[in-house]
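Morning, everyone. I have one structure to show you today. Please take a look at it before I start.

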Amino acid sequence: MRDSMTIFVSAPEQARALMVARSIEYVVVCPRLPELGHYLKHGPDGLWAELHAGRTPDWLEPVALQGVE
């Protein structure tokens, strides 16, 4: 859980390094989760802030999920 929070508030390259270290291959987010607001507050330059602003790091590939808004 700590790693998940750290990934979302860390700068994208730091997030990537932690994901590689933990063998994390996917990022899945429900954009309506209330805790995402905390990630924006505590990591204004973090991975979630970038994703929220529509900026996807080049090392992530967006995937549309059928039946999901």
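This is a predicted model: local features need pLDDT of at least 70, side-chain atom pairs count only at pLDDT 80 or more; totals for chains, interfaces and linings use all residues.

Core first. The largest nonpolar core has seven residues. They are Ile7, Ala15, Leu18, Met19, Leu47, Trp59 and Leu60. Which helix gives the most to this core? Helix 2, residues 12–21, with three residues.

Now find Ile7. Leaving aside residues up to four places away in sequence, Ile7 touches Ala15, Leu18, Met19, Ile24 and Leu47. Among these, Ala15, Leu18, Met19 and Leu47 belong to the core.

Next, Ser10. Where is it? In the loop between helix 1, residues 2–9, and helix 2. Buried or exposed? Ser10 has 13% relative accessibility, and the cut-off for buried is under 20%, so Ser10 counts as buried.

On to charges. How many salt bridges are there? Two.

Arg22 pairs with Asp3, and their closest N and O atoms are 2.4 Å apart. This pair links distant parts of the chain. Arg22 is in the loop between helix 2 and helix 3, residues 35–42, while Asp3 is in helix 1. They are 19 residues apart. Arg22 is partly exposed, at 47% relative accessibility. Asp3 is partly exposed too, at 24%.

The other bridge joins Arg55 to Glu50. Here the closest N and O atoms are 3.0 Å apart. Arg55 has 46% relative accessibility, so it counts as partly exposed.

That's my tour. Over to you.

Methods: Residues are numbered from 1 along each chain as its sequence is written. Side-chain values use heavy atoms; hydrogens and water are left out. A nonpolar core is a set of buried Ala, Val, Leu, Ile, Met, Phe, Trp, Tyr and Cys residues joined through side-chain atoms within 4.5 Å. Buried means under 20% relative accessible area, exposed over 50%, partly exposed in between (1.4 Å probe, protein chains only). Helices (H or I, at least four residues) and strands (E, at least two) are DSSP runs, numbered from the N terminus. Contact means heavy atoms within 4.5 Å. A salt bridge is a side-chain nitrogen of Lys or Arg within 4 Å of a carboxyl oxygen of Asp or Glu.
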